[in-house]
Structures are given as C-alpha cells and as structure tokens.
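Please take a look at the model first.

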Amino acid sequence: MQFVAKNKDDLGKKEDWFNQIILLTVWILIGTVLRFTNLTNKPPWIDEFATIVFSLGNSFQVVPLNEIISIETLLQPLQFNPNFGIQEVLEKLLTEDIHPPVYFVLAHWWMSLWSGKDLIFTARSISAIFGIAAIPSVYGLARISFRSSLIAQIAAAFMAVSPYSIFLAQEARHYTLGSLWVIASLCCLVIAVRRIQQQQPLPIMIALYWFIINALGISTHYFFSLILCGEAVVLMKYWLNPKSRISNLKLWWTVYAAVIGTIATSLFWLNLFLYNRYTGQLTQWIKSSDRNFLDLFNPIFQSLAGWITIISLLPVESSQIGVVIVSGLVMLIFFIWALPILVRNYKIQYSQPKKRLMIQTFSSVLLTVISLFFIITYFFGIDITRGARYNFVYFPVVILLLGAILGACWHQNISTNPVFPKFKISGKSAVALMWLMGLLSAITVVSNLGYQKYYQPNLLIPIIENVSRSKPVLIATTHRSLAQTGEIMGIAKEIKASNSPLNAQFLIIPENQQSETATNTLVEEIQTLSRPFDLWLTNFRTINDNLLTVVPSCIANTQTLPAVDGYEYKVFYCK
C-alpha cells in the first residue's frame with residue numbers, strides 16, 4: 001500500500017498531484033462503499049425517528065394516547081407532507097425537541113428532494129454523504145497542519161475505514177455533519193496558531209470564516225462547544241505568553257472578533273437549551289443517580305471502549321460465543337502490539353521541530369475535550385460517556401494525530417514491539433496492518449456484528465409471531481416522552497418493513513409513578529377488544545414494579561422467552 005507518489009513530506013517540494021488525487025479518490029471510493037453497504041439493514045431507533053419526524057416538520061404529539069390505535073395511526077408522523085416547510089421544522093424543534101436546527105433543515109431539504117423513496121435510506125444517506133465528505137476534509141486539515149502529503153493520505157485512509165466513522169455515517173443523525181464543522185474549525189485554529197507564531201495578524205476573512213463555522217457547528221450540536229473549549233485553551237496558552245504578544249489589540253483584533261462572535265452564538269444556544277421544557281425529559285437517560293463504588297468506573301471503561309473502536313472492532317457482538325471470544329483475543333493482541341508503536345512514534349514526531357507545534361496544538365485540544373467529558377460526567381452527574389456517538393467532537397483530532405504518528409512509523413525500516421520482539425516488520429507493513437484491521441472492523445459494523453442498535457425490534461417481531469401465531473395482538477407501553485413513542489414506533493415500523501402477518505394494534509398510556517392510573521387505563525382499554533387476543537406489554541412501567549405481572553381476565557405466559565435489546569416485555573393470553 002503506497003501512500004505517497006515520490007517525495008516524502010514538505011509541501012515546498014514538487015509532488016505528483018495527479019497521483020495524490022488518484023490515491024485520495026481511492027480512499028473516498030472505499031469509504032463510500034462501506035458507508036452505503038447495508039445502509040437500511042439495521043432497524044431505526046428512537047433518535048433516528050426523532051430526526052425523521054422533526055425534519056419532515058411533523059410532530060409526535062399527533063399520536064393519540066390512552067386509546068387503541070392502528071399501525072397507520074402510529075406511523076403517521078413519518079408521512080411526508082408537501083405543505084410543510086422549514087418554518088414547521090423550526091417550530092417543532094423549538095417546542096418538542098432540544099437540538100439546534102441546522103442538520104434538521106438540511107435533512108428536510110434532502111428528504112423533500114427524494115420524497116417517495118425509501119424513507120430510512122433517504123434519512124440515513126445524507127449522514128453517509130457527510131461522512132464521506134470527512135475523508136477529503138481530514139486530508140485537507142492534515143495537509144494544512146503538517147504540510148505532509150504522507151500524513152494527509154494516512155489520515156484520509158483511516159478516516160475511510162474507521163469503524164466508528166462507519167457507525168456515525170449509517171445513523172440518521174447529525175454527528176457526521178458535526179465532525180465536518182470540527183474539521184473546518186480546526187483548520188482555522190491551525191492558521192491562527194501559525195500566525196501567532198509568526199507575529200502576523202489573522203486575515204479578517206479567516207476570522208469571519210472561523211466565526212461562521214463555529215456558529216454553524218453550535219447550531220448543529222451543542223457538544224460542538226466542547227471543541228471550542230479545546231481551541232480556547234490553545235489560544236489562552238499564547239495569550240498568557242508575553243513572547244507571543246497576542247495581547248497586542250492592533251495585531252490580534254481579528255482573533256478577538258472571532259472569539260467574541262463565537263461566545264455570543266454559544267450563549268444564545270445555551271440560553272435556548274436551558275429554557276427548553278423538554279430538556280429534562282430527553283436527557284434523563286444520561287443523568288447519574290445513586291451510583292455505587294463500582295459504577296464510578298463505568299465512564300472510564302465506556303470511554304476506553306469508544307476509543308478502541310475508532311480503529312478496531314471485530315465481531316464482539318456476534319450471537320456465537322466462540323466468535324466473540326476469538327474476536328476479543330485478536331483485538332487484545334492487536335492493541336498490545338500496536339500501542340507501544342503508536343506511543344514511540346508520537347514521541348518521535350513530538351521531538352521534530354517542524355511537527356512539534358501541531359502535535360502540541362492537537363494534543364492540547366484532545367486532552368481538554370476528554371477532560372471536559374469526565375468533568376461533566378463526575379461533577380455534574382451527566383454521564384455523556386454512555387453515548388459513544390458523542391465522541392464525534394474529538395474523533396477527527398484522533399484521526400489526525402493517528403495520521404501524524406503513523407507518518408513517522410512509515411519511514412522506519414524495522415518496526416518492533418517489546419512484547420513481541422521476534423515479530424519484526426517494516427514501518428510501511430505496520431501501517432498497512434493497522435489499516436487492514438480498520439477495514440475488517442468496518443466490515444464488522446456494516447455486517448451488524450458491531451455497533452448494533454440499542455433497540456432491536458427486528459428480533460422481537462419473530463418472537464411475537466411465534467408466540468401469538470394467527471391471533472390478534474395488542475402491544476402496550478407507558479409514555480414519559482417522545483422516546484417511548486419512538487420505542488413502540490420501532491416495532492410498528494419493523495412489522496411493516498418485514499411484511500409481517502401480525503394483526504397488531506397499539507396502546508400508549510402516560511406513565512404515572514404516583515398512582516395506578518396506567519394500570520387502570522390498560523384494564524379499561526382491553527375490555528373493549530374482541531377476544532381472543534394476546535397482550536404484549538413492552539417497557540410498561542407501573543407504580544409497584546417495572547413490569548406488570550398480573551392483568552385481570554388474562555393469563556400470563558410463563559415460558560422463558562429470549563431477551564431483546566431495548567425491550568422488556570411480558571405476554572398475556574386474553575381469552
């Protein structure tokens with residue numbers, strides 16, 4: 001695998017630009033194939049339903065509560081309405097959701113353009129396209145930062161096959177667009193840092209671009225502000241250093257203008273977020289409560305798992321225990337071999353004057369953002385390490401540093417590891433082996449053997465079909481927020497997508513942990529149905545227990561049924 005044409009590093013030297021473009025195109029093609037392979041095979045989950053519903057300008061509130069409804073009624077929010085435009089999208093986001101609007105506006109335009117096509121494919125494809133765009137984008141960032149075509153090609157190659165990047169790209173969510181804004185903002189940071197070093201003013205157009213990029217980034221996802229904190233730490237280091245003379249207002253007023261504009265935008269969205277009445281409901285799942293001693297280590301292990309899957313994820317979620325064990329062992333051996341090589345070559349790049357500035361810059365950004373993750377988790381009780389998708393904030397920085405580290409490894413004649421001293425290969429072979437691990441891991445993700453969905457109605461439907469057979473079924477759940485609507489909506493969508501013969505109806509009852517209202521409503525509603533039918537309670541929460549064990553005039557199914565991710569369920573035969 002040859003990453004460069006002829007010359008090694010500096011942009012000042014002549015390069016075969018044609019070969020560079022061809023090689024970059026190869027990475028883009030590989031990344032495109034991976035991101036669109038089996039794009040619709042995994043069932044959509046709650047957050048994706050939210051993206052689709054709000055991007056269409058629809059509302060979850062049109063789904064009736066406390067009454068038995070059909071599949072068509074439950075899935076009504078997924079219907080395209082040609083009369084709805086951007087105004088409806090913004091209105092629904094401001095009144096029913098907590099996310100800023102940029103991605104949803106773009107998704108609305110995209111889904112309107114392809115209305116009538118497969119809804120899940122259309123919703124996910126725009127995220128996949130943004131994920132593909134990250135490949136040439138990180139190439140450009142690496143070229144600007146390290147002025148090395150080799151590092152740029154390696155970064156692009158690993159961005160193309162990173163299992164984490166495939167996971168993000170195959171979700172109908174805003175994380176791939178957020179990563180693009182991170183890359184663009186870091187480009188401006190690199191230019192600013194170089195100008196500071198050279199004692200030159202930052203061009204006003206770069207400052208303007210920086211402000212616009214940051215505003216769009218925050219308007220895409222609130223966590224984009226974390227990368228801004230990392231950039232602020234880098235700038236603060238120069239601001240506090242008298243030798244940099246950054247306090248010279250005449251010289252650095254453009255930097256101040258970009259910073260002030262970014263802060264103003266951040267405060268606007270922060271104010272909107274804090275006063276959104278849905279904030280508490282929709283973020284409850286990441287809030288920590290009553291942790292025991294062992295739970296304090298969960299954020300560490302969750303973070304490690306997220307970092308590992310940036311370059312390696314074999315089929316550890318396979319249903320076959322043998323495959324899981326072998327995959328885990330191979331990944332463990334791979335990291336024992338790779339980690340010392342990465343550490344050694346990081347030190348090599350850091351020791352080189354031409355590379356040190358950018359290594360310091362991106363290391364500072366990365367450490368700052370990761371520190372903020374742990375500060376938010378441990379001091380504010382909001383465990384954002386639980387969602388691996390939130391790592392999109394610093395994911396491009398990791399890929400960039402990985403490219404720089406492996407750029408040093410590439411030039412070594414022999415790459416050794418103290419744990420495996422007899423295993424000697426060239427630096428090029430070591431880089432190729434790591435990239436191959438990334439490719440195999442990407443295939444794992446697209447094959448649904450890694451990064452499986454949190455909710456898997458595709459596994460629940462065959463169980464319902466087998467147990468209830470030809471009888472009508474009523475699927476009931478309790479409701480706290482749109483998350484519960486999305487859970488049961490996933491079941492309905494899977495019934496339609498799989499052409500299941502199930503004759504299913506649905507019942508959504510507002511949850512009340514202070515009284516037996518939900519139980520009473522359930523009993524009243526099932527009395528109106530013709531019998532026989534089977535009652536399936538999924539994620540049905542009551543005052544006395546997490547799951548009902550007795551339903552009047554119905555007999556509980558006592559056989560042991562398979563567990564399904566995202567769905568606790570209980571079956572009753574109502575004769």
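Gln302, Ser303, Trp307, Phe373, Thr385, Gly387, Ala388, Asn391 and Tyr394 line the second largest cavity. A cavity here is a set of points on a 1 Å grid over the protein atoms alone where a 1.4 Å probe fits but cannot get out, and lining residues have an atom within 4 Å of a point. Helix 14 (residues 298–308) is the top contributor to this lining, giving three residues; helices are DSSP runs of H or I with at least four residues, strands are runs of E with at least two, and both are numbered from the N terminus.

This is a predicted model, in which local features need pLDDT of at least 70 and side-chain atom pairs count only at pLDDT 80 or more, while totals for chains, interfaces and linings use all residues. Residues are numbered from 1 along each chain as its sequence is written, and side-chain values use heavy atoms, leaving out hydrogens and water.

The structure has two cavities of 30 Å³ or more, and a volume is the space filled by probe spheres set on the grid points.

| Cavity | Volume |
|---|---|
| Largest cavity | about 60 Å³ |
| Second largest cavity | about 40 Å³ |

Among the residues lining the largest cavity are Arg35, Met159, Phe395 and Pro396. Helix 6 (119–146), helix 8 (163–169), helix 9 (175–198) and helix 17 (395–410) each bring at least two residues to that lining.

Turning to helix 21 (residues 517–526), Ala518, Thr519, Thr521, Leu522, Glu525 and Ile526 are buried, meaning under 20% relative accessible area with a 1.4 Å probe, protein chains only. Viewed down the axis of helix 21, its buried residues fall within an arc of 165°, so they line one face of the helix.

Conventions: Buried < 20%, exposed > 50% of the residue type's maximum accessible area, 1.4 Å probe, protein only. Arc of directions from axis to C-beta. 1 Å grid on protein atoms, 1.4 Å probe; cavity = no way out; pocket = protein on both sides within 12 Å on 5 of 7 lines; lining within 4 Å.
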